[in-house]
Amino acid sequence: MSKKLVVGNWKMHGDRAGNSELLAGILAAGPLPCDAAVCVPFVYLADTAVSLAASALRWGAQDVSAHARGAYTGEVSAPMLRELGCRYVIVGHSERRGGHAESDALVADKAKAALAHGLTPIVCLGETLEQRESGQTEAVVKRQLSAVIHVLGHCAGEIVVAYEPVWAIGTGRTASPDQAQSVHAILRTQLRAATAHADAMKILYGGSVKPDNAATLFAQADIDGGLIGGASLKAAEFVSICRAAQ
Ligand code: PEP
C-alpha cells in the first residue's frame, strides 16, 4: 500500500521567524510515516525552499495562475512556482472559489497549468452546508470533479483530490468518518471512469482535521491522507496528524 499524504495549508498566516520555528519543530520530530508537505504563502516559498532543502518534507503554494506568463498583475505562474522548487499547488480551495468567485472551469485550467509545468495540483472540492442539507452533495462534488476531468483528459490521474466540505473548514466541525468515506468513494468511482490510475490516486480529506480525529478519518478505505489548515500551524499537532497517517 502506498504512503498516505498529509499537506499543511498555512493560508495567510505566518512570518519569517515563526515559519522558521514551525518548520524546525516539524523537522525535529524526525522521519514521518507518510509523505508530507506544507503549502505556504507565495512570499515565504524561497525561505521554505532553503529550510526544507535537505529534508523529505515537500512544499508548495496555495494558488497558481492559469496562465504561464503575461500581463496578469498580481498573479503567480506555475513556472515561477516550479523554479522555487514547489512540488504541489492547491487549486480551487473553497476560500478562493467563494471569496474570489473562481469557477469550476477556472479551477480546471489552473490544474492544467500546474501539471504542464511539473507541479502536482491538489484540487479542492466540496459542498456548502446548504448544499448538503438540501441533498446536493453528490451532484456538487461530481460537477466540480468532472470540470477538471474534462479539461485534463487522461492526465486526470496525475492530480491529488482534496474533499473539503465547506462547512467543516476552520469551523471545528468535521465530517464524520462515514460521511467523508461515502463522498470519497463517490469521487473514486468517478475517477475510475476517467483514468486507469484511479486506485493509486490520493484523495485527501480536509476540514477541521486534528490530532484526535485524524486516525479514524485516515482509517477509511478511500481516505488517502489529509489537507490540514489550522492544525498545520503548530508543529506538534501537524506531526501528530502525520503520525496518524500510517
Ligand atoms: C483548509 O484550509 O484546507 C482546512 C482544511 O482548514 P482547517 O483544517 O482549519 O479546517
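Me: Is serine 208 buried or exposed?
Reply: Keep in mind that this is a predicted model. Serine 208 sits in the loop between strand 7 (203-206) and helix 9 (211-218). Its relative accessibility is 9%, and buried means under 20%. So serine 208 counts as buried.

Me: What is phi of serine 208 near?
Reply: Serine isn't glycine, yet phi of serine 208 has a positive value. That value is near 55 degrees.

Me: And alanine 101, is that one buried or exposed?
Reply: Alanine 101 is found in the loop between helix 4 (94-99) and helix 5 (104-116). Here, too, phi is positive in a residue other than glycine, near 50 degrees. The relative accessibility of alanine 101 is 64%, and the cut-off for exposed is over 50%. So alanine 101 counts as exposed.

Me: Which residues does isoleucine 159 touch, leaving out those up to four places away in sequence?
Reply: Isoleucine 159 lies in the loop between helix 7 (137-152) and strand 6 (160-163). With a relative accessible area of 3%, isoleucine 159 is buried. Its contacts are Leu115, Pro121, Val123, Val148, Leu152 and Met201.

Me: How many Å apart in space are isoleucine 159 and alanine 198?
Reply: Along the sequence, 39 residues separate isoleucine 159 and alanine 198. In space, C-alpha to C-alpha, the two are 10.0 Å apart.

Me: How many residues of strand 2 are buried?
Reply: Strand 2 covers residues 35-39 and is largely enclosed by the rest of the structure. It runs parallel to strand 1 (residues 5-9), and five bridges join the two. As for strand 2's own five residues, the number buried is four.

Me: Which residue in strand 2 stands opposite leucine 5?
Reply: Strand 1 (residues 5-9) pairs with strand 2 through those five bridges. The residue opposite leucine 5 is aspartate 35.

Me: How do helix 1 and helix 2 run, roughly parallel or roughly antiparallel?
Reply: The axes of helix 1 (residues 16-28) and helix 2 (residues 45-52) come within 11 Å and cross at roughly 30 degrees. Angles under 35 degrees count as roughly parallel. So helix 1 and helix 2 are roughly parallel.

Key. Residues are numbered from 1 along each chain as its sequence is written. This is a predicted model: local features need pLDDT of at least 70, side-chain atom pairs count only at pLDDT 80 or more; totals for chains, interfaces and linings use all residues. Side-chain values use heavy atoms; hydrogens and water are left out. Axes are lines fitted to C-alpha atoms, for helices over the stretch in contact, and angles run from 0 to 180 degrees between N-to-C directions. Angles under 35 degrees count as roughly parallel, over 145 as roughly antiparallel, 65 to 115 as roughly perpendicular and the rest as oblique. Buried means under 20% relative accessible area, exposed over 50%, partly exposed in between (1.4 Å probe, protein chains only). Two strands pair if DSSP finds at least two bridges between them. Contact means heavy atoms within 4.5 Å.
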